[in-house]
Amino acid sequence: YYSKIAARFQGVSDLCEFRVGDLFKEDVSNTDAVVLFVVPAMMEDLATKLSSELRPGSLVLAGRFPLDISWTPLEILEAPTASLGYNINRLWVYRYPDSLLSSSNSSQSQQHSSSSSSS
């Protein structure tokens with residue numbers, strides 16, 4: 001419920017939809033963004049599902065734990081506040097299919113992103 005309230009306060013509640021349920025049963029093919037806050041044991045299966053269903057350009061945000069190693073984050077964000085537990089203040093940012101590029105292409109993409117954002 002916190003996300004719904006935060007979206008309303010930010011004036012974007014009409015632009016988003018929040019669902020609680022079994023992600024493995026949901027069709028995410030028309031999704032612009034997926035936010036994950038799940039246990040590490042689910043990440044490999046979720047990475048496979050997202051790779052097969054997401055449309056190009058979709059954003060994936062993984063809180064607390066990164067996706068499977070086949071995905072390379074575009075960015076890892078960390079809140080400057082003290083953590084209440086392991087990685088509780090970390091967020092891995094992915095964009096499909098950019099995060100699935102080979103490691104050499106991914107490094108070039110990350111370097112390009114870093115130089116673009118610092119301009």
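Guide: Let's start with Arg90, which is partly exposed at a relative accessible area of 31%. On this scale, buried means under 20% relative accessible area, exposed means over 50%, and partly exposed is in between, with a 1.4 Å probe and protein chains only. Before we move on, keep in mind that this is a predicted model, where local features need pLDDT of at least 70 and side-chain atom pairs count only at pLDDT 80 or more, while totals for chains, interfaces and linings use all residues. Residues are numbered from 1 along each chain as its sequence is written, and side-chain values use heavy atoms, with hydrogens and water left out.

So who is Arg90's partner? The side chain of Arg90 meets that of Glu78 in a salt bridge, 3.1 Å from N to O. That pair links distant parts of the chain, with Glu78 in strand β3 and Arg90 in strand β4, 12 residues apart. Helices (H or I, at least four residues) and strands (E, at least two) are DSSP runs, numbered from the N terminus. As for the term salt bridge, it takes a side-chain nitrogen of Lys or Arg within 4 Å of a carboxyl oxygen of Asp or Glu.

By that rule the count comes to 3 salt bridges. Another one joins Arg55 and Asp32, at 2.4 Å from N to O. Arg55 sits in the loop between α2 and β2, and Asp32 in the loop between α1 (2-10) and β1, so the pair ties together parts that are 23 residues apart in sequence. Arg55 counts as partly exposed at 33% relative accessibility, whereas Asp32 counts as exposed at 54%. Then there's Glu53 with Lys49, whose side chains meet at 2.7 Å, N to O. Both lie in helix α2, 4 residues apart, which is about one turn of the helix. Lys49 counts as buried at 8% relative accessibility, while Glu53 is partly exposed at 24%.

Rings of Phe, Tyr and Trp (its six-membered ring) pair if their centres lie within 6.5 Å; planes under 30 degrees apart count as stacked, over 60 as edge-to-face and the rest as tilted. The count here comes to 2 aromatic pairs. Trp71 and Tyr94 make an edge-to-face pair, 5.8 Å centre to centre with 90° between the planes. This pair links distant parts of the chain: Trp71 is in the loop between β2 (59-63) and β3 (75-78), and Tyr94 is in strand β4 (residues 90-95), 23 residues apart. Trp71 counts as buried at 3% relative accessibility, and Tyr94 is buried too, with a relative accessible area of 1%. Trp71 also pairs with Tyr96: the centres are 6.0 Å apart and the planes are at 35°, so that pair is tilted. Here again distant parts of the chain are linked, with Trp71 in the loop between β2 and β3 and Tyr96 in the loop between β4 and α3 (103-117), 25 residues apart. Tyr96 counts as buried at 14% relative accessibility.
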